[in-house]
Amino acid sequence: MTDTHYPALGDIDAIQQAFESAGYICTTRIATVVRLAAALEKPVLIEGPPGVGKTELAKTCAMVVDRPLVRLQCYEGLDESKALYEWKYGKQLLYTQLLKEQLGDVLDGAKGLNESMSRLHQFSDVFYSEDFLESRPLLKALEAENGGVLLIDEIDKADFEFESLLLEVLSDFQVSIPELGTIHAQSKPLVFLTSNDTRDLSDALKRRCLHLHIPFPSVELEARIVASRVPDLAQSMTDQLVRFVHAIRSLDLKKAPAISETVDWAKSLVLLHARDLDGPLVQDTLNVLLKYEEDIQIAEGQLPKLLAAAAG
Amino acid sequence: MAGVRDRATPAATSSDQLLAFVQYLRGKKIPVSPADTLDAIEVAELMGYENRSLLKNGLAAALAKSRHELTVFEAAFDDYFQPTPERPAANAKNHSDEADALPPPGTPEQAGLAEANDDLLEGLRGNALFDALESQDESALSVAIETAAVEAKVEEISLFTQRGQYVRKILDALGDEALREAAIEFEQSEPAAFEAVQALREQLRERVRDRVERAYLIHAAAATEDLLDESLSKLKLGNIDHSQMARLKRLMDRMARKLAARHGRRRRRYRRGKLHVGETVRRAISTDGIPFHPRWRKVERKRPQIMAICDVSGSVAAYAKFLLMFLYALQDVLPRTRSFAFSAALGEVSDLFASLPVEQAIELVNLKYGGATDYGRALQDFSELALAEVNRATTVIILGDARNNQADLRVDLLAELKARSKKVIWLNPESTRLWGTGDSEMLVVKRHCHVAKECNNLNQLERIIDKLLSDRR
């Protein structure tokens, strides 16, 4: 039952430790899903607000299993020629032009149209062979010899039709190319899809995936994350900072600060040699945490309350 | 052992229980397909049943497919797999090989009674239900009750008063009959045995009652909501009470979301169209006629536009409000909606609606454009204001009762509108039977519109807008 490709992902505690040493603090739930993904050979659909480490999870996973990461960034208008494969049209044309001269040799001595045709038929598949096939991320991930990690980022940004295209890859780990036939995965890659929930994904796609929803972390977890990412920041400062961020998230904001913003803020505080989280310091650096002017104004209005919350 | 259920029973029962849990989830409106169920079984095998939170996390990954479903799932899991209090201690002992020979657990008094009547009860042994009750076999009991509940179709419960009926049905399906007969038999002759059997039956009844009440809470509570929603969407919008506005708003948002999801998808298309032969050949000239740089046509996107002209006078105002609310709830799918309001004079109110909540905007509009209805003037104003921008991609929706106080309605302007636009839709809150009576000009108006429809409740409104969106391409 246990997958032999990714021995590093055989045990939940081991996963948590391995991820932690790679700089990613994960909850038991995340570790469980990763373990299941490896064992059941199913893709994982990760949902959650921006900046909670969805993409990071896939990257870390690639690091832990020590396999290449193939990343496909989705956007509106993404189609199979960008995601799956494309024929190298220019190369095909160039070769036909170059080989024009050879045509005489091939057809030399052929009698009549029929014989010429049957001779040409022997070469007809040359131009639609793997030499002329440009692999795009999805195909690349399937071709990888020892498996790998495939990250399909922000699938909700892609068109609805693109989801259908993914189904074959995700459920059977294969791609059908009309001219070549079906290409199967050498060894199945670990697949992660991320979604920011800007639209509903199709049931067909959801059905094929394991689901992982990553919410904003708890105070303790976030403090651990900040501590591991920004070890130079004093422990007391980290705690204050994380409590402050949690207080800010409870405000009605256009965009609540995510983990990545907390980490950025922690880094800038280290650069500023800050020793204590006080009013002026927060006011000066709030733009690291909040990305909209309105949000900053709201937060500044509530500053005393937020600082009180930070002090615990 | 913090097991899901303490049990010594092997995997067969576990997966049975998992199946029952899947049933339970479906009752909670989480759609679980057979394939999901297979996944869940595989997950459970991997995770094992010993560690509760491990199993929960694993099953969540396979069964809950959105954040909403995740919350429902977590609550359902905790409900369903609650660790059974007290009983397991006695239970564990009982699962030893001589389980049948040991006196049944439970209260000491009960145990004593049962011991005394061991011989009498011997006749009942072998009856699966009795054995399960006597040995307090949690998993066997819950599976049996769950199966019986499914058989009795307990999920169809819709009224509080039906509980007794369903308890009876489930008990029958469980095979309570045999126990009852035994009890009747013992009643005269063997009071102690009678007591023992009755106590077990009462326990069973208690469990079944719990199950039925749970089913009522899950299914009937939802059914009641559905019923309210349904009746509300059939109610004339003009008659809707203020107290129901919140529910109506929610209902409307849901309808709008549904429509947006259904039609928003189709709007997106691949940008690349067919091969542009002419341009490709022209470009190939520089490469000796070899088409190195193919050129593709772009797929043009139509930019549909809706112009809504609403009568906001008196009785029609309520309907105008709902139409506008609906149109603005669909802003994602219909980004360029423009709205105009009139009763005497007409003015554009798009900005008002874009910036203010609908209720406030309507009040302001009433204040600004209120007065005696004059369709003639309104159409004239509209022609001056926006007729130049009406083209073949424009759908004009006019909402009004077409009662013009005997004045000229300026049908000529309406005819011109019809000629220029893609569609003119006239929505009339009055019933079709009243069209043309009194000062209603509806029969004349009807001839100069592409579509004229009665529209006075949410269902009709939804259907009209749905049609509008599907015709849009």
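This text walks through a two-chain model, from the overall make-up of the chains to single residues and back to the contact between the chains. The model is predicted.

Start with chain A. It has 15 helices and nine strands. Of its 312 residues, 36% are buried. Take the contacts in chain A between residues at least 6 apart in sequence: 78% of them join residues at least 24 apart.

One residue shows what such a contact looks like. Thr194(A) sits in strand β8 of chain A, which spans residues 190-195. Is Thr194(A) buried or exposed? Thr194(A) counts as buried because 24 C-beta neighbours lie inside 10 Å, and the cut-off for a buried residue is 20 or more. Now look along the chain to Ile46(A). Thr194(A) and Ile46(A) are 148 residues apart along the chain, yet their C-alpha atoms are separated by 4.7 Å. Ile46(A) is also one of the contacts of Thr194(A), once neighbours within four places in sequence are left aside. Lys54(A) and Thr55(A) are among the others, as are Asp153(A), Glu154(A) and Ile155(A).

Next, move to a helix pair in chain A. Helix α12 covers residues 259-271 and helix α13 covers residues 279-289. How do α12(A) and α13(A) pack, and at what angle? Their axes are 9 Å apart, and the angle is about 140 degrees. That value makes α12(A) oblique to α13(A), because only angles over 145 degrees count as roughly antiparallel. The crossing of α12(A) past α13(A) is right-handed. From α12(A), the contact draws on Glu261(A), Asp264(A), Trp265(A), Ser268(A) and Leu269(A). From α13(A) come Thr285(A), Val288(A) and Leu289(A). By type, the residues of this contact between α12(A) and α13(A) are four nonpolar, two polar and two charged.

Phe216(A) is 40 residues from Ala256(A) in sequence, and the two C-alpha atoms are 9.8 Å apart in space.

Now turn to chain B. This chain holds 21 helices and eight strands. Buried residues account for 34% of its 473 residues. Among contacts in chain B between residues at least 6 apart in sequence, 71% link residues at least 24 apart.

Six strands form it, in the order β5-β4-β3-β6-β7-β8 (chain B). The sheet is open and its pairing is mixed. Which strands lie at the edges? They are β5 (346-348) and β8 (451-454) of chain B, each pairing on one side only. Neighbouring strands of the sheet are turned against each other by 20 degrees on average, direction ignored. A helix packs on this sheet: α18 (residues 375-386) of chain B touches β3 (305-311), β4 (338-342) and β5 of chain B. The direction of α18(B) makes about 35 degrees with that of β5(B).

Follow the sheet towards β8(B). Strand β6 (residues 394-399) of chain B pairs with β7(B) in the parallel sense, over five bridges. In this stretch, Ile397(B) stands opposite Ile425(B) in β7(B). Strand β7 (residues 423-428) of chain B also pairs with β8(B), again in the parallel sense, over four bridges. Here Asn428(B) stands opposite Glu454(B) in β8(B). β7(B) is mostly covered, with five of its six residues buried.

The chain leaves β6(B) through a loop. Arg403(B) is in this loop, between β6 and α19 (411-420) of chain B. Arg403(B) counts as buried because it has 22 C-beta neighbours inside 10 Å. Asp439(B) is 36 residues away from Arg403(B) in sequence, but 5.4 Å away in space, C-alpha to C-alpha. Beyond its neighbours within four places in sequence, Arg403(B) is in contact with Thr373(B), Asp439(B) and Ser440(B).

Finally, bring the two chains together. Their contact takes 24 residues from chain B and 24 residues from chain A. On the chain B side, α2 (34-47), α3 (52-63), α4 (67-80) and α13 (245-267) each supply at least two residues. The side of chain B that touches chain A divides into 12 nonpolar, four polar and eight charged residues.

Methods
Residues numbered from 1 in each chain as written. Chains lettered and ligands numbered in written order. Predicted model: local features only at pLDDT ≥ 70, side-chain atom pairs only at ≥ 80, totals over all residues. Buried ≥ 20, exposed ≤ 12 C-beta atoms within 10 Å, placed from the backbone. Contact = placed C-beta atoms within 7 Å. Axes fitted to C-alpha atoms, helices over the stretch in contact; angles between N-to-C directions. Parallel < 35°, antiparallel > 145°, perpendicular 65-115°, else oblique. Left-handed = near helix turned anticlockwise from the far one by under 90°. Nonpolar A, V, L, I, M, F, W, Y, C, P; charged D, E, K, R; others polar. Pairing = 2+ DSSP bridges.
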